[in-house]
Amino acid sequence: MVELSPQTSPADKVILYSRNYSDCSARLRIALNFKGISYEYRPADAETVSSASYKALNPVGTIPTLVIERGQATQDKYKSIVLIESLAALEYLEEAYPDRTRLLPSSSGQLGPAARAVVRTLVNVLVADTHPLTTARVCRQICSRFPGPGAEHAAVTANRDWDAYWIERGLQCYEDLIADVAGKYSVNDEITMADVCLVPEIWTAEKVGIDLGKYPTVKRVYMALMEVEAFKKAHWKGQPDTLDSDRA
């Protein structure tokens, strides 16, 4: 079990099928840590996600899958909740555990709706416009287009170049959007859902050799976030399924 906070755990049993290097999985690890929600980490390798039992949970065969076995439920059909999209899962955690630390600005006040819209815009720049273009499924299709001698090397190079191209575009857009709204973090001085999505994207950016110095505000925000325990605990180098050779 992963438990970060001394807060009382909810009656729910929370299970996260995760892969250490998955950006989508990392978003949920960060959010669960930040909200102080205990969860069981179940490594989801290629064999697991292709199994019949996993496909029964997640027909798409992707990661993460978040399972909430509710301690209390008003209707039997909601006794067990299975969420297979990280953004939907983030929104669920925000609504289902309102007593936990929030990841969206308060909706009250004149600026509340605007601030929430800004956060959701930043989230979608990464989750909808950037990350899907760099997923393993997309990259496998790209790599399959390089037949012949030296194909493996060419495929790896093309994969990294492809990822870097789209991530750089996404980070530049994020940099431009937070120029006037960033405080200590992406939006003012409170950690939000945007930060939860930003950090895993930067971990991938680092893997493909992107220079964060080109995005000074993003880099400053990232450095501040990596001082927060919830983010440090979620790092891909420190998960149960991290290879010994990759551990920090």
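Predicted model: local features only at pLDDT ≥ 70, side-chain atom pairs only at ≥ 80, totals over all residues.
## A pair of parallel strands

Ile-15 stands across from Glu-40 of strand β2. The strands β1 and β2 run parallel and are joined by four bridges.

Helix α1 belongs to this part of the picture too: together, β1, α1 and β2 make a β-α-β unit that is right-handed.

## The whole sheet

Let's step back to the sheet. Its four strands follow the order β2-β1-β3-β4, and the sheet is open, with mixed pairing. Because β2 (40-43) and β4 (80-83) each have a single partner strand, they stand at the edges, and one side of each is left without a neighbour in the sheet. On average, neighbouring strands here are turned by 15° against each other, direction ignored.

In general, the strands of a sheet pair through backbone hydrogen bonds, either parallel or antiparallel.

## A buried glutamate

Now turn to helix α4, which spans residues 86-96 and includes Glu-91. Is Glu-91 buried or exposed? Its relative accessible area is 19%, so Glu-91 counts as buried, the cut-off being under 20%.

Which residues does Glu-91 touch, leaving aside its neighbours within four places in sequence? Glu-91 is in contact with Leu-104, Arg-120 and Met-193.

Conventions: Residues numbered from 1 in each chain as written. Heavy atoms only, no water. Pairing = 2+ DSSP bridges. Helix = DSSP H or I, 4+ residues; strand = E, 2+ residues; numbered from the N terminus. Axes fitted to C-alpha atoms, helices over the stretch in contact; angles between N-to-C directions. Buried < 20%, exposed > 50% of the residue type's maximum accessible area, 1.4 Å probe, protein only. Contact = heavy atoms within 4.5 Å. Right-handed = clockwise from strand over helix to strand, strands pointing away.
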